[in-house]
Amino acid sequence: VAWTALGRWRAAPVAPPPVSRPVVEARFAHVEGAPPIIAAPSSPVPSVPGAQRAALFAQVRRDDGEARAYGRAHAAHFVTDAPAEALGLWDAYLSRYPRGAFAPEARFNRALCLLRLGRRAEALAALRPFAAGELGGYRQHEAATLIDWTSPAP
C-alpha cells in the first residue's frame, strides 16, 4: 500500500546492468550461512552442431523400450499403488536392463515394494548395497534410514 500511495509502482522499469561474476559473489558474500559460491568455468561449454546433436539424441532414443518398461513399473508402484504388480515389473525391468539408465532407482524402488509386501529380509538385503555406498552414495541416506527403521530393536 505504501508503494502505491507514493506512486512508485508506476515507475518505468529500468533494465539492470549486466551482472558479472564478482558482483554476484559480492552480493551474497555477506549472507550468513549462504552456500559457498562455485566459480564458473573459465571457458564456455562448446556448442554442438545440429547434425551432431541429432546423432546424440538418436543414440539416447535408440531404445525407448527401456523407458517404457521403467514407466510401467513406476506407474504400478506410484500411480496405481500396486506393490505386488510393481515388484514384478521392477524385476522384469532389471532382468532386461541390468545396467540400464534407471537401474539404480529401479533397484531402490524394488526394495520399497518388498518392504510394503512384508518381505523384510529380502528388502534389507536389497537396501544394504545402497546403505554401504556401493552405488556411489546414491540413495545411501534413505537406505540407511530404512534399514534402521525396519530392523528389529535390540
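**View 1. Packing of H6 on H8.** H6 crosses H8 in a left-handed manner (the near helix is turned anticlockwise from the far one by less than a right angle). This is a predicted model, in which local features need pLDDT of at least 70 and side-chain atom pairs count only at pLDDT 80 or more. Residues are numbered from 1 along each chain, and side-chain values use heavy atoms, without hydrogens or water. The axes of H6 and helix H8 (residues 140-150) lie 12 Å apart at an angle of about 15° (axes are lines fitted to C-alpha atoms over the stretch in contact, with angles from 0 to 180 degrees between N-to-C directions). H6 is therefore roughly parallel to H8 (angles under 35 degrees). Phe108, Leu112 and Leu115 of H6 contact Glu142, Ala143, Leu146 and Thr150 of H8 (heavy atoms within 4.5 Å).

**View 2. The two sides of H5.** Helix H5 covers residues 83-96 (helices are DSSP runs of H or I, at least four residues, numbered from the N terminus). Pro83, Ala86, Leu87, Trp90, Tyr93 and Leu94 are buried (under 20% relative accessible area, 1.4 Å probe, protein chains only). They share one side of H5 because their arc around the axis is only 125° (taken from the directions from the helix axis to the C-beta atoms). The buried residues pack against helix H4 (64-79) and helix H6 (103-116). Ala84, Ser95 and Arg96, on the other side of H5, are exposed (over 50%).

View 3. Pro129 belongs to helix H7 (residues 120-131). Pro129 is partly exposed because its relative accessibility is 27% (between the buried and exposed cut-offs). Leaving out residues up to four places away in sequence, Pro129 touches Glu134 and Leu135.

How values were computed: Expected span 1.5 Å × (residues − 1). Parallel < 35°, antiparallel > 145°, perpendicular 65-115°, else oblique.
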